[in-house]
Amino acid sequence: MFDLIDFYQSPYAAQVLTLAVLGLAIVLFVSGVIAPELTGLLSVGLLIGTGVLTPAEGLAGFGSPALITLMGLFAVSAALFRSGALDRLRELIASDSISSPRRLIALLGFVVAPVSGVVPNTPMVASLLPVIEAWCNRRRISPSRVLLPLSFATVLGGTLTLLGSSVNLLVSDISQQLGEAPLELFSFTSIGIPIWLVGATYLLFAPQSLLPDRGRDSNDLGGRRDQIGYFTEVTIPADSHLVGHSLHNSRLQRRFDVDVLELQRGKERLLPPLADRRLEPGDRLLLRVTRADLLRLQQEHTVQLASHDRDKFTNFSLSDDIDESQKTVEVLLPAGSTLAGASLRELRFRQRHNATVLALRRGQQTVQERLGQAVLREGDVLLLQAPMDSIRGLQASNDLLVLDQLENDLPTVRRKPLAISIALAMLAVPTLTPLPLVAAVLLAVVAMVAGGCLPPGEVQRSIRLDVILLLGSLTSFSVAMQKTALSDALAESLNGLNSWPTYTALLMIFLATTLCTQVISNAASVALLVPVAIQLAPGLNLPTQALLLTVLFGASQSFLTPMGYQTNLMVFGPGRYSFLDVTRYGAGLTVLMTLMIPALILWRYASS
C-alpha cells in the first residue's frame, strides 16, 4: 500500500495514468465495444477521477467556442436543407445533362465538394444519397459506380473552410486549449483549394474499373433499387398452400425470385440444400429476396412475416396493418447510431418507432440469423413499412437515415432566399468585421428561426448529440498530454525528425495521422497527435499552425477504409461495397495527397 501511495505521488504517476487511459481508449475505439462518445466520456471521467485533470480542465471542451459553433452549424445546415436551399443542386443531378457516371462524378467533384466546405459533409451526403440512388435507378446504373466519389468529394470539400468538418473545429479548439491561436474561418483555404481541385480531377479521371459494378454481380441483384437482395424471415401458417409441398415444387419459388437460406423447424436448424424438404406448418424460412418481390409477397396469404420485436416471437400476415397511409422506405444505420449493437427484439423496434421491419440488407454479407436476433451494425439498411408521420419522425432521428425521398419534405421552400442570405451573412460578417465566428453562427441560428426557415423544435433535434459528446470529451486527451508533459516526452522521442528534410518530416507526420485515422476515429487521432505535433514545430523551424494543419489534413483525407470517415460508412451499405473496394479506389488518392499536402504546407509556411 505504501508503494502504491509513493507511486501516486511521484512526478511520473500522472504520465502513467494518462497513458493507461489513452491505451484503454484506443482499444475501445478500435474494438467498437462501446460507442465512441461513451469512450470519450469514460476517458474524461477517468482522467478527472484519477486526479490527472481537475473537473474544470476535463470539462472545458464542452463549453468551448468551437463546440458551440458546431452546435449552431447543425441548426443552420438543417435550415438550409429544410428551406430548399440545395434544391437547385438536386435538380442539376436529376437533369438530362447528367447522363453518365463520369458526368455525375464531375458534378460531385467540382460543384458538390465546394458546397461541403460550408455545409458539413455528413448532412450533405445524407441529403444527396437518395437523389443519387434515384438517378441510378432511372438510368439502370449500379450505385456502386458513383457513391464512393460522392463521399470522397465531400471529404475533399470539407477542408476548404473551418466550417466544412467537425474535425476542423476540433483542431481549432484543441489549439486554443493548448495556448495557441485558434484557426480562422479561411485559415487553410489557400491549401484546401488546390487539394480540392487536384482531388476532384483524380475522381474524374480515375479508371472506372476501380469502382465495382455491384449491379451486375454473380448474384444478379441488378442495378435497380428494387432488385437489391434483402434478408427477411417468414413462417408457414397451417392453412398455407405450401404445406406438404417441397420448396422445389412450391409456389414460393415458382412465382418469386427467392433463395431459402435456412429452414427452422422447432429447435432444428436446417441449411441448404433444402429443395426436396417438404414444408410443415410453423416452419420458419430465412429468405433472400428482392425488394420488388418482397412487396409482392404482401399480396400473398401463403406465408406470414415474422415479428422481430415482441417479447415472444409471433407472426402477422403480410397483408395486415397495410393501408394507403403507409409507405415502404429504406433506412440506414449511420455511424454513431445508438441502435447498433442491439437486436430488433431487444430494441422492441416496432413499438418504439411505430414501424415494421420487413427486411435487412448488409452490404455483400449473408445474414444467417433470425432477423429478430440479428445484431444491427453501422451501415445496415432496413426495409421499413410505416405511416408517413412515423417516417417523418425517423427523419428527425440521428439513429436512422431515411434513404427514400418523401414528397413535401421541404415545407418552407418559400424561405429559400432568406435562408441563403442568412448563411452568406454568417460567412461574410466574421470575415469582414471583428465579430467572432461563434457569435455569427449563433445569430444565424436565431435569424433562421425568427425568419421561419426552421421551426424552434427542430433546433434541438438537428444537433448531433453523439458528435458533441465525442468532440467535447476528446479535448481532455490533449489537455492531459500537455499538462503531464507527456506530449513533450513523445516529441523528444521523435526528435530524429528534426534532422530530416522538412518536407520528409511533414510527410511522415501526415502519413502517420492518415494511418491512425483508418483505425480509430479522425477526432481521436487529432486529439492524440496535435499536442505532439505542436512540440515538434520549433525543431522543424515552422510555425505551430503548419503542424496543426498537417495533422488536420491527415485526419481529414480518409480514403482507405469504410471506417476512416463517416461519409464512407454512409455510402458503404447502399453501394454494396466490400472493404477492399474502398481501399482500391482510395489508395491512389491517398498517395497523391500524401505527396502533395506536405509540399503545400511547406510552400505556405516555410517563409513565415
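Of the 608 residues of the chain, 57% count as buried, where buried means under 20% relative accessible area, exposed over 50% and partly exposed in between, for a 1.4 Å probe and protein chains only. The model is predicted, and local features therefore need pLDDT of at least 70, side-chain atom pairs count only at pLDDT 80 or more, and totals for chains, interfaces and linings use all residues. Residues are numbered from 1 along each chain as its sequence is written, and side-chain values use heavy atoms, with hydrogens and water left out.

The chain has 26 helices and 10 strands; these are DSSP runs numbered from the N terminus, helices being H or I with at least four residues and strands E with at least two. Of the contacts in the chain with a separation of 6 or more, 79% are between residues 24 or more positions apart. A contact here means heavy atoms within 4.5 Å.

Helix 2 (residues 13-31) has 19 residues, which should span 27 Å at 1.5 Å a residue, and its end C-alpha atoms are 27 Å apart, in agreement. The expected span is 1.5 Å times one less than the number of residues. The buried residues of helix 2 include Leu 17, Val 21, Leu 22, Ala 25, Leu 28 and Phe 29. In general, an α-helix has 3.6 residues a turn, so residues three or four places apart point the same way.

Helix 17 (residues 416-432) has 17 residues and reaches 24 Å from its first C-alpha to its last, close to the 24 Å expected. Its buried residues are Ala 419, Ile 422, Ala 423, Met 426, Leu 427 and Pro 430. These buried residues pack against helix 5 (65-82) and helix 18 (437-450).

Thr 594 counts as buried because its relative accessibility is 7%. A polar atom of the Thr 594 side chain lies 2.7 Å from the backbone oxygen of Thr 590. Not counting residues up to four places away in sequence, Thr 594 touches Tyr 503, Leu 507, Phe 510 and Leu 511.

The structure also holds two cavities of 30 Å³ or more. A cavity is a set of points, on a 1 Å grid over the protein atoms alone, where a 1.4 Å probe fits but cannot get out, and its lining residues have an atom within 4 Å of a point. The second largest cavity has about 40 Å³ of space, the volume being the space filled by probe spheres set on grid points joined across faces, edges and corners. Its lining consists of Ser 64, Ala 66, Leu 67, Leu 169, Leu 170, Asp 173, Leu 471 and Gly 472. Helix 5, helix 10 (166-177) and helix 20 (465-483) are the elements that give two or more residues to this lining. The largest share, three residues, comes from helix 10. By class, the lining of the second largest cavity has five nonpolar, two polar and one charged residues.

Most residues other than glycine have a negative phi. Arg 348, although not a glycine, has a positive phi of about 50 degrees; Arg 348 is found in the loop between helix 14 (344-347) and helix 15 (349-353). With a relative accessible area of 32%, Arg 348 is partly exposed. Asn 354, also not a glycine, has a positive phi of about 50 degrees, and its place is in the loop between helix 15 and strand 8 (356-361). Asn 354 counts as partly exposed because its relative accessibility is 46%.

Conventions. A polar contact is a pair of N or O atoms within 3.5 Å; within protein, one must be able to donate a hydrogen and the other to accept it, and residues adjacent in sequence count only if both atoms are side-chain atoms. On a 1 Å grid over the protein atoms alone, a cavity is a set of points where a 1.4 Å probe fits but cannot get out, and a pocket is an open set with protein on both sides within 12 Å along at least five of seven lines; lining residues have an atom within 4 Å of a point. Ala, Val, Leu, Ile, Met, Phe, Trp, Tyr, Cys and Pro count as nonpolar, Asp, Glu, Lys and Arg as charged, and the others, Gly among them, as polar.
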